[in-house]
Amino acid sequence: MPSLQKFHANVARHVKSMDKNLTANLIRHEYIVTTRTKAKRVQAKAETFLADALHRNDKIAQDQPINSKIVANRALNFLQPPDKFEVGSKIIQELAPRYQQRRSGFTRIIKLEPRLGEDKAPMSVIELVDSEYEIKFWYTAKIVARLELQGLKVDDITQLNVQKLTKFRPEGEKEFAAAVETCKVEFFKYDPETQQVTDPEALKNLENLPVNLEYYGGDLSGSLVASKRFKTQPRPEKEQAEIPVSPFVAK
Amino acid sequence: MSLSLRLGGSFLNEALLGWVPRLTLGLGASKTSGIARDSRLDDLKKQIEANNGQPPFMIDNGTILRAAPKKKMSHRRHRTKLYTPGDKQMHPLNNIVRCPACGHVKRSHFMCMHCFAEIRTFLKGKKRENGLIKDVENPQSDLDPVDERILYPGKFVQEDERMLQKKEWIPVREEPLMYNSKQTKHIKR
Ligand SMILES: [Zn+2]
């Protein structure tokens, strides 16, 4: 590993190397916490790389052993040679079935508060979507768990988020429901046997309700997703038109 | 202060003993003129009486002294703070909202750090369960205690080393307040 004085963010050779390393580590660990500049830069690289690698993997004959698949996939040459086999096999074995319905948008950036160090650098998380360790998935599950424990209905924006998160995930809705139950036990000390929250701290935390309860299953539900600026109405369903059969078409 | 330091603690004690009754007397007189007496002076009087007429070992923020700036703010610093253009001054946060997952305050469009810490710890445990994170076990963790004392007699740890081992120098994020819409500047509905 080069020492800090020899590794600069404005030397093209070093930047390329950083991109490769960050991409490999992102795929290895599913999410990484870095500074925002690095996350934004690596997002473009990782998206291009993953799209290319998965596209080439579809073209390759599937009935060959994994080693020859990795050798045949030329997109994997982007990675550092020592990472190529480990990360490449993960892409072929795990990510290819996971991203069958996606051609782009494999990553997400979440903004975090500045680092508590000397430099106060703005931080962010970059994560692979639809993974088991997706932070936004668990955060949304925690929101739904809290609302269920408070006896409120889920608001529009959370519903939209849940729909987005479970759309392309294999068995998404089932997994999300399981995650909500896990969040109840994990974060709110919910006892599934007695169906009660007994921890006094968690109970006190649950007393903090949203400001306007009308958004949570009241009169205002459905108003947040609609555009405030343009008074749009949902498009009416298309009627099935019957085209008369041409007399010139041979029967 | 420097005088009392030079002359030693006894001077301070005598000075204080002489000073407190006079002060209370004076304040008692002023009470009749309508100004309330500082309750901290009564505390100090109680402490002196309980301590056989000696002043308490520490006269700190709890009794009479309040926090004070360590140094005089320089002319430049003072003018910079008050009169520089607005973009150089510190701004209040106007984008504070309620975190829907824990009810604490957070900045809008940013992840709630309280929830993030919880979720990250949980996910690390999950990774550990699935075997993605492997903890390296110390190969000599099951040593006999007698053997261990002979093999590793331990060394004398200096005071500064012990302080460093406590890891208090690592900054820790403090727990955020619970969100209250009455306390925010712009009340959101
Ligand atoms: Zn939160």
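Me: Where is the place of A:Gly222 in this chain?

Reply: A:Gly222 belongs to the segment after α8 (200-206) of chain A. Helices here are DSSP runs of H or I with at least four residues, strands are runs of E with at least two, and both are numbered from the N terminus. Please keep in mind that this is a predicted model, where local features need pLDDT of at least 70, side-chain atom pairs count only at pLDDT 80 or more, and totals for chains, interfaces and linings use all residues. Residues are numbered from 1 along each chain as its sequence is written, chains are lettered from A and ligands numbered from 1 in the order in which they are written, and side-chain values use heavy atoms, with hydrogens and water left out.

Me: What lines the largest pocket, and what is its volume?

Reply: A pocket is an open set of points on a 1 Å grid over the protein atoms alone where a 1.4 Å probe fits, with protein on both sides within 12 Å along at least five of seven lines; a lining residue has an atom within 4 Å of a point. The volume, the space filled by probe spheres set on points joined across faces, edges and corners, is about 1500 Å³ here. There are 43 lining residues, and B:Val97, B:Arg98, B:Pro100, B:Lys106 and B:Ser108 lie nearest the centre. The largest share, five residues, is from α5(A).

Me: Why does the largest pocket lie between two domains of chain A?

Reply: Domain 1 (4-128) and domain 2 (135-207) both contribute to its lining, so the pocket lies between them. The domain bounds come from an automatic or database domain assignment.

Me: Which classes of residue make up that lining?

Reply: It has 21 nonpolar, 12 polar and 10 charged residues. Ala, Val, Leu, Ile, Met, Phe, Trp, Tyr, Cys and Pro count as nonpolar, Asp, Glu, Lys and Arg as charged, and the others, Gly among them, as polar.

Me: What can be said of the second largest pocket?

Reply: It holds about 960 Å³ of space. Of its 27 lining residues, A:Glu113, A:Leu116, B:Met113, B:Arg173 and B:Glu174 are closest to the centre. The lining divides into 15 nonpolar, two polar and 10 charged residues. α5(B) gives the most, with seven residues.

Me: What makes the length of α5(B) close to the expected one?

Reply: The expected span is 1.5 Å times one less than the number of residues. With 17 residues, α5(B) reaches 24 Å from its first C-alpha to its last, close to the 24 Å expected. Its buried residues include B:Met113, B:Phe116 and B:Leu123. Among the elements covering them are α1 (12-29) and α7 (172-188) of chain A; contact means heavy atoms within 4.5 Å. Just after the helix, B:Gly131 has a positive phi of about 85 degrees.

Me: Which residues of α6(A) are buried?

Reply: They are A:Asp156, A:Thr158, A:Asn161, A:Val162, A:Leu165 and A:Thr166. These pack against β2, α5 and α7 of chain A.

Me: How many helices and strands does chain B have?

Reply: Chain B has seven helices and two strands, and buried residues make up 19% of its 189 residues.

Methods
Buried < 20%, exposed > 50% of the residue type's maximum accessible area, 1.4 Å probe, protein only.
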